[in-house]
Amino acid sequence: MKLNPLGDRVVLKQLIAEETTKSGIVLPGQNKEKPQQAEVIAVGPGGMVDGKEVAMQVKVGDNVIFSKYSGTEVKIDEEEFIIVKQSDILAVIQ
């Protein structure tokens, strides 16, 4: 199954959190926060959204940082994705 986002929506696949810190301390599962970094899997067409012209600024394959409590989590074919508005994406990691 393939997700095709509409309007200014973007489908993200969250990056896996590291289980150890830089100094080598192992983090237990319950204390880990999900990272706010993700890879762009699919991008909507943009166009007119709420009466305003929206040009998409991200593309498939970009690594991005998104707002902590944004988006809708979906599970398709045993994979988890997050669908967010483009405005919920804060930065592209270069």
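Reader: Is glutamine 37 buried, partly exposed or exposed, and at what relative accessibility?

Author: Happy to take you through it. A word on the basis: this is a predicted model, with local features needing pLDDT of at least 70 and side-chain atom pairs counted only at pLDDT 80 or more, while totals for chains, interfaces and linings use all residues. Residues are numbered from 1 along each chain as its sequence is written, and side-chain values use heavy atoms, leaving out hydrogens and water.

Glutamine 37 counts as partly exposed because its relative accessibility is 35%; buried means under 20% relative accessible area, exposed over 50%, and partly exposed in between, with a 1.4 Å probe and protein chains only. Glutamine 37 belongs to strand E2, residues 37-43. Strands here are DSSP runs of at least two residues, and helices (H or I) need at least four, both numbered from the N terminus. The protein has eight strands and zero helices.

Which residues does glutamine 37 meet beyond four places in sequence? They are Gln14, Leu15, Val64, Ile65, Phe66 and Ile93, where contact means heavy atoms within 4.5 Å. Valine 92 is 55 residues away along the chain, yet its C-alpha atom is 9.4 Å from that of glutamine 37. Across the protein, 63% of the contacts with a separation of 6 or more join residues 24 or more positions apart.

Two of those partners, Val64 and Phe66, also sit in the largest nonpolar core, which has ten residues: Val10, Leu12, Ala38, Val40, Val58, Val64, Phe66, Ile82, Val84 and Ile89. Such a core is a set of buried Ala, Val, Leu, Ile, Met, Phe, Trp, Tyr and Cys residues joined through side-chain atoms within 4.5 Å. At least two of its residues come from each of strand E1 (9-14), E2, strand E5 (63-66) and strand E7 (79-85). Isoleucine 89 touches Val10, Val58, Val64, Ile65, Phe66 and Val84, leaving out residues up to four places away in sequence.

E1 and E7 also pair in the antiparallel sense over four bridges; pairing requires at least two DSSP bridges between two strands. Arginine 9 has lysine 85 in E7 as its bridge partner. On its other pairing, E7 runs antiparallel to strand E6 (residues 72-76) over five bridges, with valine 74 opposite phenylalanine 81. Lysine 13 lies over the face of phenylalanine 81, at 5.5 Å from the ring centre; this requires NZ of Lys or CZ of Arg within 6 Å of the ring centre and within 35 degrees of the ring normal.
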